[in-house]
Every structure is written in C-alpha cells, then in structure tokens.
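Colleague: I am new to reading protein models. Could you walk me through one?

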Amino acid sequence: MNHQIKIGEHVISPGTGAYIVAEMSGNHNMDYDRALRIIQAAKESGADAIKLQTYTADTITLDCDDPCFQITQGTLWDGTTLHRLYEKAYTPWEWQPGLQKAANDMGLDFFSSPFDPTSVDFLERLKVPAYKVASFEITDIPLIRRIASLGKPVLISTGIAALGDIELAVRTCREAGNEDVILLKCCSAYPTPYEDINLKTMVNMADTFGCMVGLSDHTMGHAVAVASVALGARVVEKHLTLSRAEGGVDSAFSMEPEEFKQMVEQIRMVEKAMGRVTYELTEKQKGEKEHARSLFIAADMKAGDVLNETNMRSVRPANGLHTRYYEELLGKRVNRDVKMGTPLGWELIDFS
C-alpha cells in the first residue's frame, strides 16, 4: 500500500518511521500545570504527537445510578458510576487551546478523541489536524460519519470491536469520502495481558481493510509496541504520565517519561534494523568475508602426493579455492612440494 497520510507536518506511510502518539487521557489529575508537564515530557521522550480526550461527563454518559451505569466489570474503576468517573477524568475544554499552543510550540502535533457532536465542533474551531475514534465509540456510526466528513485523517481504535464493527466503521468513513483511515489494534483491558493482544490480527486488518494499521497499546512495558512496528504498525499510541506513584484514573497502565523514551529509542532501532530487501554485502561484510572457509593444504606434501581428507581441508580464511571443489580435488596429485598452510589453488594441481 503506497497511500500516504499527513498529520501536521508528519507524513505517515509504509516508508516512514512509525508515528508515536502520547496519550494524556486523565493523567493530568485535574491540574493544568501537570498537563503542561506531560506535554513537555512527551516532547522530551521522542513522541510525535500528544493526544487528549474531549468530553464532559454529561456529553459521554448520563448522571444515573441505575445498575447499567455502575462500573462492575472487574476494572480499575469498579465501585463508581460512569458519570462520576468521567467527572474526574475529563480534560477541561477551556484548557485545550492553551495545551494545543504549548504542544505546537514544542513541535508536537495536537489532536483529540471527540465523543459527541459538540466536541467535534469544538475541536474544529481549534483546527486539529486529525481525529481519533476511541474504542468504545467505534459503534457510534453518526459520530464517525461526522468526523470522517471533515476530510481529516481518522485513527480508529478497535478495542471492543468485532469484525463487523470494524467493517462498518471503515465503510462509513469511505462513504463519507474519507480514505485516510488508520486502524489501531487495541484490546480494551487495562492493563492488557500479553496473551490477549493478538498482534497478528493487526497484520490481517491491513490486508482485510486495505488500511494502514497501528497499535493503541495498554500492555505494560514497551515489548508489544516495539514488536508491532516490526510487524508493520505505522502508528503507536501509549498512555503517558509523570509518575504512576502519583496516581490518577489511568496511571496504573501508563508509561513514565523515561520508559516512554526507551520505547521510542527501541522503535527507532528496530526501524533501522528492518531496512530493505537486499542481498548486497555491506563494506563491513565484504571485509569479514575474507575470513570465510576455503580449501588449504593441511600437511606438508611432496610433488606427486595425492590429495586426501587429511592433507586437504576446508578451513578459515578464504584465501584458497572454494569448498565446492573439495570432492573434485580428492585423489588429484600436487605438482610440487607444498607446505602445510598453503592456500590450495589450481596452479598446484597436476593435470597431466
């Protein structure tokens, strides 16, 4: 797939490095200065973008204590309601223009996940360069249609999506005239057990839907994120916090700045190592090939002696004849006296 997608000044394509997104989520702990410090940490850790979530408790759910609004699924947030959780976790909208300016001044892209039409309209006024559809919103087809119709890149997490959910979301974007869709393999478990991530599905998503793919990762550590890049992820998203010990709604499965930096460094190393398909030898390899095996005289010999398995051997270095001639030379006679350690050459063979 040669399609390119541009977010800010970053071009995302099969031939470019992975686009690294630091997700702030609720890790600001309702402290504006802390939010600014997270953005600074994202920049210093090597991220390309900072991502927020744009909602209020009232735009994402209802203030209701009925059982279906209680969180009881064995999560980090059990024991409260959706509304009370989002009251603690949301990022105040009045902060977001200032956070955007701070991020852009540092050279970071700034975009967000909207959760209803009013948040889309708000983010359009900020002129964000892309949109993220969160995992639980992949089934909100009117919202996806509205986002896609704006003509900006759409990143879609698939954390709770069945195959049909993904197909419908992608088709909705394309019917709105938007081909700039990136599907993010995701598992909505916080943190995600390694055995549940199923990275091979990411590769299949690229083939199945003809989209670029990436990873929105909730596993601990950076192993899965680095592996995803080797498998073709063009986007990697990880939650970032200043310190897990300081708490917060998402801190338990978020990376600290030094961990995030190590992840980015490992990803960039893997990208260098992936390289291209080539059988050409580097200059270093060409030099090292001098130490490959070849045929040598392995014992002192007199003119007329017969080459056998004792006096002719395949050893390092590569100064003698290629080892492919070993069987052909067995039984041949040397035409002169030769010392042990002499590279075997055709000029030493008696052809009479």
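Colleague: How many bridges join strand 6 to strand 7?

Modeller: First, the ground rules. This is a predicted model, where local features need pLDDT of at least 70, side-chain atom pairs count only at pLDDT 80 or more, and totals for chains, interfaces and linings use all residues. Residues are numbered from 1 along each chain as its sequence is written, and side-chain values use heavy atoms, with hydrogens and water left out. Strands are DSSP runs of E, at least two residues, and helices are runs of H or I, at least four, numbered from the N terminus. Two strands pair if DSSP finds at least two bridges between them. Here three bridges join strand 6 (residues 131-133) to strand 7, and the two run parallel. Val133 has Ile156 as its bridge partner in strand 7.

Colleague: Which way do the residues of strand 7 point?

Modeller: In a regular strand the side chains alternate between the two faces of the sheet. In strand 7 (residues 154-157), Val154 and Ile156 point one way, Leu155 and Ser157 the other. All are buried, meaning under 20% relative accessible area with a 1.4 Å probe, protein chains only.

Colleague: Is Lys132 buried or exposed?

Modeller: Lys132 lies in strand 6. Lys132 is buried, because its relative accessible area is 5%. Leaving out residues up to four places away in sequence, Lys132 touches Leu155, Ser157, Ser216 and Glu237, among others. Contact means heavy atoms within 4.5 Å.

Colleague: What does strand 9 pair with?

Modeller: Strand 8 (residues 181-185) and strand 9 pair in the parallel sense over four bridges. Leu183 stands opposite Val213 there. Four bridges also join strand 9 to strand 10 (residues 235-239), again parallel. Ser216 stands opposite Glu237 in strand 10. Six of the six residues of strand 9 are buried.

Colleague: Which residues touch the most other members of the largest nonpolar core?

Modeller: In soluble globular proteins, nonpolar side chains tend to be buried together. A nonpolar core is a set of buried Ala, Val, Leu, Ile, Met, Phe, Trp, Tyr and Cys residues joined through side-chain atoms within 4.5 Å. The largest has 74 residues, and Ile50, Ile156, Leu183, Phe260 and Met263 touch the most other members. Apart from it lies another core of 13 residues, including Met312 and Val334.

Colleague: Which elements share strand 9's part in lining the second largest pocket?

Modeller: A pocket is an open set of points on a 1 Å grid over the protein atoms alone, where a 1.4 Å probe fits, with protein on both sides within 12 Å along at least five of seven lines; lining residues have an atom within 4 Å of a point. This pocket is lined by 13 residues. Helix 9 (200-209), strand 9 (212-217) and helix 10 (223-230) each give two or more.

How values were computed
Buried < 20%, exposed > 50% of the residue type's maximum accessible area, 1.4 Å probe, protein only.
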